[in-house]
Amino acid sequence: MVHKIKKLKKIRIHREGTNELLYSLIAIVAVGMALWRWFDTPIPFVLFAIVFGAAWLLMLNFYRCPIRYFNGDTEKIVVAPADGKIVVIEETEEDDYFHDRRLLISIFMSPLNVHANWFPVDGRVKFVKHFDGNYHKAWLPKASEENERADIMIETPGGQEVLVRQIAGAMARRIVTYAKDQEECFIDEHLGFIKLGSRVDVYLPLDTEPAVRMGQPTTGDQTVIARLK
């Protein structure tokens with residue numbers, strides 16, 4: 001498969017955070033100006049500016065969105081769909097769609113990670129399904145089944161099926177999925193976005209060769225997590 005022309009890496013703000021960052025900045029400035037005028041001492045203004053300024057910068061860091069391009073041939077390659085660390089590499093029974101055993105690789109994202117998600121393989125989206133649910137801590141095994149989640153089934157050019165599952169965490173309250181039924185998808189393209197701490201599971205054919213280890217940090221759209229047979 002001919003790959004896209006690579007470009008220089010850049011950092012931008014993800015569109016999911018544009019309004020929140022703008023409105024929160026306006027509110028902080030308005031309250032800060034009010035505190036400056038209401039009190040004879042600058043202490044309330046300084047304390048407010050330090051606390052809420054730091055909170056806004058953390059939010060800015062959370063919504064950063066690097067522009068990335070995978071440097072290499074994407075055939076039979078599975079890249080990390082998210083920044084974070086590997087928390088699961090195991091064979092598991094997948095009863096929702098495959099009804100057989102699959103290789104499961106899971107990536108946990110902390111609130112400090114980039115929370116944009118990328119497609120892990122080239123192919124075609126067979127379907128997208130969203131499920132409401134609970135908000136258990138994302139690294140717990142039951143989070144994969146009981147938490148709010150979105151399932152994206154992808155068929156690769158070689159006919160293999162890969163299931164990507166976006167899972168909300170204890171703090172996350174919104175999963176955004178850009179993938180659409182029957183559309184072609186490619187590594188380097190955004191699959192979606194999950195707000196705050198969360199997790200992404202990738203279910204692969206059992207004969208897939210893992211390329212990562214437990215606890216290993218991952219970089220979305222850059223780290224090769226597995227190779228398809």
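Helices (H or I, at least four residues) and strands (E, at least two) are DSSP runs, numbered from the N terminus. The model is predicted: local features need pLDDT of at least 70, side-chain atom pairs count only at pLDDT 80 or more, and totals for chains, interfaces and linings use all residues. Residues are numbered from 1 along each chain as its sequence is written, and side-chain values use heavy atoms, with hydrogens and water left out.

Strand β13 spans residues 198-204. Seven of its seven residues are buried (under 20% relative accessible area; exposed is over 50%, partly exposed in between; 1.4 Å probe, protein chains only). In a regular strand the side chains alternate between the two faces of the sheet. In β13, Ser198, Val200, Val202 and Leu204 point one way. Arg199, Asp201 and Tyr203 point the other way.

Two strands count as paired if DSSP finds at least two bridges between them. Strand β5 (residues 100-109) pairs with β13 in the antiparallel sense, over seven bridges. Here leucine 104 stands opposite tyrosine 203. Strand β9 (residues 161-168) also runs antiparallel to β13, joined by six bridges. Valine 164 stands opposite valine 202 in this case.

Serine 106 lies in β5. Serine 106 counts as buried because its relative accessibility is 0%. Its contacts (heavy atoms within 4.5 Å), not counting residues up to four places away in sequence, are Lys85, Ile86, Val87, Val88, Arg199, Val200 and Asp201.

A nonpolar core is a set of buried Ala, Val, Leu, Ile, Met, Phe, Trp, Tyr and Cys residues joined through side-chain atoms within 4.5 Å. The largest has 29 residues. Ile105, Ile152, Leu204 and Ile225 have the most contacts inside it. Two or more residues each come from β5, β8 (149-155), β9, β12 (190-194), β13 and β16 (224-227). β5 gives the most, with four residues. A second, separate core of nine residues includes Tyr63, Cys65, Trp118 and Val176. Isoleucine 225 touches, among others, Val78, Val79, Ile105, Val202 and Val212, with residues up to four places away in sequence not counted.

On the surface, Val46, Ile50, Val51 and Phe52 form a nonpolar patch. Together they have about 360 Å² of accessible area (Shrake-Rupley method, 1.4 Å probe; for residues, only the protein chains shown count as cover). Patches are made of residues with over 30% relative accessible area and no salt bridge; like charges are joined within 9 Å, nonpolar side chains (Val, Leu, Ile, Met, Phe, Trp, Tyr) within 5 Å. A salt bridge is a side-chain nitrogen of Lys or Arg within 4 Å of a carboxyl oxygen of Asp or Glu. Valine 51 is found in helix α2 (residues 43-62). Valine 51 is classed as exposed because its relative accessible area is 52%.
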